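Subject: Structure handover

Hello,

Here is the structure I promised you. Please open it first, then read my notes below.

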Amino acid sequence: MGRRKEVSGVRTLLDRLHFLAKVPVFASLGPSGRLDLASRAQDIAVEADQELIRQGDPADALYLVRSGRVRVVREDEDGATSELAELGSGATFGEMGLLFKRPRTATVTSVEATQLVMVPRQVIEEVLKRSFHVGLALEGLASERAETLR
């Protein structure tokens with residue numbers, strides 16, 4: 001019984017590793033860096049209309065969309081909301097708060113049943129120390145998104 005679970009765990013890790021290899025932000029990590037990242041990330045499955053992160057909350061992780069779609073919404077000081085984006089497979093969210101060390105700048109909700117990979121803050125910080133290129137890619141993505149908030 002224990003052996004079957006172990007094999008399943010290896011398959012899950014290899015599947016996550018294969019997915020991360022296709023995400024442009026992590027392309028420069030190389031195989032060993034992606035393996036380390038894959039082994040420390042978590043798969044999350046959510047149903048439609050589930051809030052994943054809330055504007056104003058502490059930034060504790062980066063998320064990658066494996067399948068499904070999420071909606072990114074921002075609330076202004078007057079309480080009016082505006083949809084910033086709808087993201088699908090291969091997209092990331094949650095990077096702005098991690099990189100700029102600020103609370104979440106938007107609320108993200110699943111549009112449909114969605115599979116995510118969640119990478120905790122500590123893991124991202126370690127990856128950034130090892131890979132200048134990943135840092136540049138995440139910073140570019142965060143800067144691009146910051147422009148949409150202005």
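In which strand does Ser110 lie? Ser110 belongs to strand S7, residues 107–110. Helices (H or I, at least four residues) and strands (E, at least two) are DSSP runs, numbered from the N terminus.

Two notes on the source. This is a predicted model, where local features need pLDDT of at least 70, side-chain atom pairs count only at pLDDT 80 or more, and totals for chains, interfaces and linings use all residues. Residues are numbered from 1 along each chain as its sequence is written, and side-chain values use heavy atoms, with hydrogens and water left out.

**Ser110**

Ser110 has a relative accessible area of 1%, so Ser110 is buried. Buried means under 20% relative accessible area, exposed over 50%, and partly exposed in between (1.4 Å probe, protein chains only). A polar atom of the Ser110 side chain lies 2.6 Å from the backbone oxygen of Glu47.

**Salt bridges**

Side chains of opposite charge can pair when their charged atoms come close. A salt bridge is a side-chain nitrogen of Lys or Arg within 4 Å of a carboxyl oxygen of Asp or Glu. The whole structure holds 13 salt bridges.

One of them joins Arg16 and Asp43, with the closest N and O atoms 3.2 Å apart. Arg16 sits in helix H1 (residues 2–21) and Asp43 in strand S1 (residues 42–46), so this pair ties together parts 27 residues apart in sequence. Arg16 is buried at 9%. Asp43 is partly exposed at 33%.

Glu112 and Arg69 also meet in a salt bridge, at 3.2 Å from N to O. Glu112 is in the loop between S7 and strand S8 (114–120), and Arg69 is in the loop between strand S3 (61–67) and S4, so the pair ties together parts 43 residues apart in sequence. Both are partly exposed: Glu112 has a relative accessible area of 30%, and Arg69 has 31%.

Glu86 pairs with Arg71, the closest N and O atoms being 3.3 Å apart. Glu86 is in strand S5 and Arg71 in strand S4, 15 residues apart.

Which residues form a network of salt bridges? Arg69, Arg71, Glu83, Glu86 and Glu112 are linked in this way.

**Asp76**

Where is Asp76 found? Asp76 is in the loop between strand S4 (70–75) and strand S5 (81–87). Its relative accessibility is 37%, so Asp76 counts as partly exposed.

Best wishes

How values were computed:
A polar contact is a pair of N or O atoms within 3.5 Å; within protein, one must be able to donate a hydrogen and the other to accept it, and residues adjacent in sequence count only if both atoms are side-chain atoms.
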